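Hi,

Here is the structure I promised to pass on. Have a look at it first, and then read on for what turned up.

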Amino acid sequence: MPAINGEEYVKRIDKLNSEVWIEGKRLQGKISEHPAFQGVIQSQARLYDLQHQSDKLDVMTFVLPESGNRVGTSYLNPKTKDDLIKRRMMIQEWAEAHLGLMGRSPDYMNTALMAISAGADVFECENEDFSKNIRSFYQEACENDYSFTHTFINPQVNRSKYYFEELNESIVSAQVIEKNEKGIVIHGARLLATQGGITDEIIVFPAGGENLAKEFAYAFSIPSNTKGLKFICRESFSYKDSNFDHPLGSRFEEMDTIIVFNKVQVPWERVFFYNSPELAKKMYSETSFFPLVLHQVVSRQITKTETILGVAQSLVDIINIGEYQHVQEKISEIITGYESLKGLMYSAELQAKIDQFGTMVPSLQPLYAAINLYPKLYPRFIEIIQLLGASGLVSIPTKADLESSVGKDLESYLQAAAANAEDRVKFYRLAWDLSLSAFGGRQTLYERFFFGDPIKLASNQYRGYERSELVQRVWNFLNIE
């Protein structure tokens, strides 16, 4: 099967009938029609439809050599710098459709699967079946255009440095409790599977950290409707299906879920590795996982920053405050962040090199700089929108108000220099949904911790950045007679 369209995606997710719990009840019926999921499923379906738009076909898809089928470019293993650029163009095409607000759109995990498949030779050192399974599943995912959620965070029972879960106690974190002729059995919980229940599959990666016990050192993918697999949702931030009142939350609320594995059987052919702390480390350190995934992440964040800049400038234009220097300085601050992210992306692509597996890999350090920078930039961007919008961000009646008997009052008192009352309110509700609503608050938290603890990210950059030559240059200068 080649790249799917939106209708096929929706039908497939409805047919799965995965076990999803929300507001204390198991979801019944078609998940695509449930108020908490309808908007994001429709938005995701539109992404798949873009793969079939004739003028975008060469960017959104590529021909898979093994079958001759056109499949989604997010699965493309780049062999040249042009391939990397094509991947970025495809990622940003999708990101423009969701304004960069869907952090777990399908291209994210498709990229992750491609990255570990490209480096599958790493896994042969323990069992050649591991690398075979990874490559085989990557091929299956390409041909079927699977969508994925994923999880790699254990429950936050005890965040102290030296806490270890005792296996003879009640099991909390998902772990291997048995292996049999069919495969491995997983029991326990994992956190934060964004889009849980609305994807074909869930990929489970090992949790990070030192001294990983064997029981937690595994990776696999299984269908979202696997027996014993349960998705427990937080409260939905899509409070209304009104695109006027909640223009972003009604469309792009991805939902975050807790994953419960109740003695879930994982077939051997779906096991990428297990009981191997060594491979859990090598998956991240000896493949090109990080640079390839970060290339996708930063590409989306660039597009999201374009959205922020467009919203901020519209606030300026609507109420005509562009003549003030402090306003100009705030817009300039967003521009500077935006251009910095683009520069780091282009630097990473310019310095791309072929890795030991034949994959064209962007330079890691510029991307690491970008992923360290964005958790600082994004909250400041949101603060700028709040400062520019001020009280206007809470003076936002609903569509029903505008259409009621008080509508004429609102037409008079909420008009702006460059917009009538309805257009002003419509736009300010978007700015509010981005910067002040529950949806907007979740977006800020999401970008703060998107790729993990920002302090750990900075520490990783500190340890991994080569600067000995620069230090030596300084000492060479000091030793000049």
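Start with helix α11 (residues 364-389) and helix α16 (residues 454-464), whose axes come within 10 Å and cross at roughly 155°. Keep in mind that this is a predicted model. Angles over 145 degrees count as roughly antiparallel, so α11 and α16 are roughly antiparallel to each other. The crossing of α11 past α16 is left-handed. On the α11 side, the contact is made by Gln365, Tyr368, Ala369, Ile371 and Asn372. From α16 come Pro454, Leu457, Ala458, Asn460, Gln461 and Gly464. And what sort of residues are in the contact of α11 with α16? Six are nonpolar, five are polar and none is charged.

Next, the sheet. Six strands make up an open sheet with mixed pairing, and their order is β2-β1-β10-β11-β7-β6. At the edges you'll find β2 (25-26) and β6 (175-179), each of which pairs on one side only. Further in, β7 (residues 183-194) and β11 (residues 256-267) run antiparallel, joined by nine bridges.

Last, the charged pairs. Side chains of opposite charge can pair when their charged atoms come close. There are 22 salt bridges in the structure. One of them joins the side chains of arginine 70 and aspartate 58, at 3.3 Å from N to O. Arginine 70 belongs to strand β4 (residues 70-72) and aspartate 58 to helix α3 (residues 57-60), so this pair ties together parts that are 12 residues apart in sequence.

Cheers

Definitions and conventions: Residues numbered from 1 in each chain as written. Predicted model: local features only at pLDDT ≥ 70, side-chain atom pairs only at ≥ 80, totals over all residues. Heavy atoms only, no water. Axes fitted to C-alpha atoms, helices over the stretch in contact; angles between N-to-C directions. Helix = DSSP H or I, 4+ residues; strand = E, 2+ residues; numbered from the N terminus. Parallel < 35°, antiparallel > 145°, perpendicular 65-115°, else oblique. Left-handed = near helix turned anticlockwise from the far one by under 90°. Contact = heavy atoms within 4.5 Å. Nonpolar A, V, L, I, M, F, W, Y, C, P; charged D, E, K, R; others polar. Pairing = 2+ DSSP bridges. Salt bridge = Lys/Arg side-chain N within 4 Å of Asp/Glu carboxyl O.
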